[in-house]
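Here is a short briefing to read alongside the sequence and the 3D view. Take a look at the structure, then follow the notes below by topic.

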Amino acid sequence: MNRTGAVSGRLPEFTWDVLDAAATVAAAHPGGLVNLSMGTPVDPVPEVIRQALAAASNSPGYPLTAGTPALRAAITDWVRRSCGATTEGFGVLPTIGSKELVAWLPTLLGLGAGDVVVVPRICYPTYSDGVRLAGATEVRADSLTALGPDSRVRLVWINSPGNPTGKVLPAAHLRKVVDWARERGAIVASDECYLPLGWDAEPVSVLAPEVCGGSYDNVLAVHSLSKRSNLAGYRAGFVAGDPTLVAELLKIRKHAGMIVPAPVQAAMVAALQDETHAAAQQERYRARRDRLVAAFTGAGFRIDDSQAGLYLWATRDEECWASVDWLARRGILVAPGVFYGPGGDRHVRVALTESDERIAEVPARLAQ
C-alpha cells in the first residue's frame, strides 16, 4: 500500500506560505518591503565567531553527537552564568538549532497515541507540529487548573519569554508548573531561546534554583544562539537539564545522525564564551524596539505583554488579517496572531529583526 504523505498529512500547511499574498502587496510599495514578519537576524555574524568557524573548517571526520569537550564545557559555563543553575549535575547536549529539537522532542521521548502534550494557548507553531509528528494529543492551556486530574499528560511546554507575546512568566508560576508535572511524572520542557533579551522584566530559567528547587529531575531547557549571536544560518542550539533525559536524547540522536557539524561546534564555543557581542546585539534590538513601540502606538496600536524577546504583540482590536492588510498597503509585513493559535486572532506579531535603515522608515509609513 502506498503511504506517501502519511506523515506530512498530519501537519498543517506550512505557516509562512499563508502570508504570501500580503507579502506581495507589501513588496509592491514604492519604498520596498519592510519585513517585520519573521524573526530572522539581519545583522552580521560577529567576527570572533566567524574566525572560529573558519579555523575549524578542515574537519574531515565525523563530529561528536555529544559535542566536543570544549563545547560541553562552554554550554555548562553559560548555563551557570545565564540560567542561574547553581547545582552540579545537569546534562547538556548541542542540537541542530532549537526548532528540530522542539519538533522531535515528543517523538524522541517516546510519546505517542494516548499521551497528552500541553502547549501554551498562544505559542510557536512547532510545538503543535511536534505533537502531531508523534501522534500524541495536544491540549492548549496556560493554567494548570484547566488540565484537571488528567494522568495522560507526559510533556508540558512552557515558553518564557514567549513567542509571539513576549510575556515573561514569574518564577513562582514556573515553580508551580514544575511541581505539578513532577507529581504526575510528566516532563517540563522550557523554550528559553529569548532568555537573554529582557526589556521590561527579567526572564527566569527553569534551571534556576527558585524554579527547579535545586533538582533537574524532569526539566529540560531549550536554547538557541540564533537571536543572541545572529547564528540562525549556523543552526546552533542546545538543551540542558535532567541528565537522565539528556543521556536518553543523546543515545537516540547518535542512531539518527542528529549531529551539529564540527565547524559549527567550534563557532558555538566562541559565541558562548563572548558576552561582548551579545550585549551589543541586545542594544541594537533595544533601540529598534523603542522606535517601533513609538511608531505603532502612535498609529493607534496597543502593545500587549512584550516584556522581553524579539517581538511586539500589537493590536488595534480588530481581526488580525485586517491589521496585516492595512500594514501591507504601507509596505510593512507582519505576522497575523492567528498563526500562533485561535487566541491570537486580534493581534499581530511585529519582529525587531529588520535593518536600522528599514525600521527608520516605519514611522512615516504608519502616518500615511
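Which side chain meets that of Arg-140 in a salt bridge? The partner is Glu-138, with N and O 3.4 Å apart. Please keep in mind that this is a predicted model. The notes start with charged pairs, then turn to one threonine, the nonpolar cores and the cysteines.

**Salt bridges**

- Both partners of the Arg-140 and Glu-138 pair count as partly exposed, because Arg-140 has a relative accessibility of 30% and Glu-138 has one of 28%.
- Elsewhere, salt bridges with shared partners link Asp-43, Arg-288 and Asp-356 into one network.
- A search of the whole structure gives 21 salt bridges.
- One of them joins the side chains of Asp-77 and Arg-80, with an N to O distance of 3.7 Å.
- Asp-77 and Arg-80 sit three residues apart in helix H3 (residues 69-83), so about one helical turn separates them.
- Asp-77 is partly exposed, at 38% relative accessible area, and Arg-80 is partly exposed too, at 34%.
- Helix H5 (residues 125-134) holds another pair, Asp-129 and Arg-132, three residues or about one turn of the helix apart.
- The closest N and O atoms of the Asp-129 and Arg-132 salt bridge are 3.7 Å apart, and Arg-132 is partly exposed with a relative accessible area of 34%.

- Is Thr-315 buried or exposed? Thr-315 counts as buried, because its relative accessibility is 1%.
- You will find Thr-315 in strand E10, which covers residues 311-315.
- The side chain of Thr-315 has a polar atom 2.8 Å from the backbone nitrogen of Asp-317.
- The Thr-315 side chain also reaches the backbone oxygen of Arg-346, at 2.5 Å.
- Apart from neighbours within four places in sequence, Thr-315 is in contact with Gly-300, Phe-301, Arg-302, Asp-304, Arg-346 and His-347.

**Nonpolar cores**

- The largest nonpolar core is made of 49 residues, and Val-79, Val-206 and Leu-207 have the most contacts inside it.
- Elements giving two or more residues to this core include helix H6 (171-183), helix H9 (262-273), strand E5 (153-159) and strand E8 (236-241).
- H3 is also among those contributors, and H3 is the helix that holds the Asp-77 and Arg-80 pair.
- Setting aside neighbours within four places in sequence, Val-79 is in contact with Gly-84, Ala-85, Phe-90, Leu-207, Phe-238 and Ala-240.
- A second, separate core has 39 residues, among them Leu-19, Ile-332, Ala-335 and Ile-359.

**Cysteines**

- How many disulfides does the structure hold? The count is zero.
- Cys-123 is buried, with a relative accessible area of 1%.
- Cys-193 is in no disulfide either, and its nearest cysteine sulfur, that of Cys-83, is 11 Å away.
- Cys-193 counts as buried at 10% relative accessibility.

Methods: Residues are numbered from 1 along each chain as its sequence is written. This is a predicted model: local features need pLDDT of at least 70, side-chain atom pairs count only at pLDDT 80 or more; totals for chains, interfaces and linings use all residues. Side-chain values use heavy atoms; hydrogens and water are left out. Helices (H or I, at least four residues) and strands (E, at least two) are DSSP runs, numbered from the N terminus. Buried means under 20% relative accessible area, exposed over 50%, partly exposed in between (1.4 Å probe, protein chains only). A polar contact is a pair of N or O atoms within 3.5 Å; within protein, one must be able to donate a hydrogen and the other to accept it, and residues adjacent in sequence count only if both atoms are side-chain atoms. Contact means heavy atoms within 4.5 Å. A salt bridge is a side-chain nitrogen of Lys or Arg within 4 Å of a carboxyl oxygen of Asp or Glu. A nonpolar core is a set of buried Ala, Val, Leu, Ile, Met, Phe, Trp, Tyr and Cys residues joined through side-chain atoms within 4.5 Å. A disulfide is a pair of cysteine sulfur atoms within 2.5 Å.
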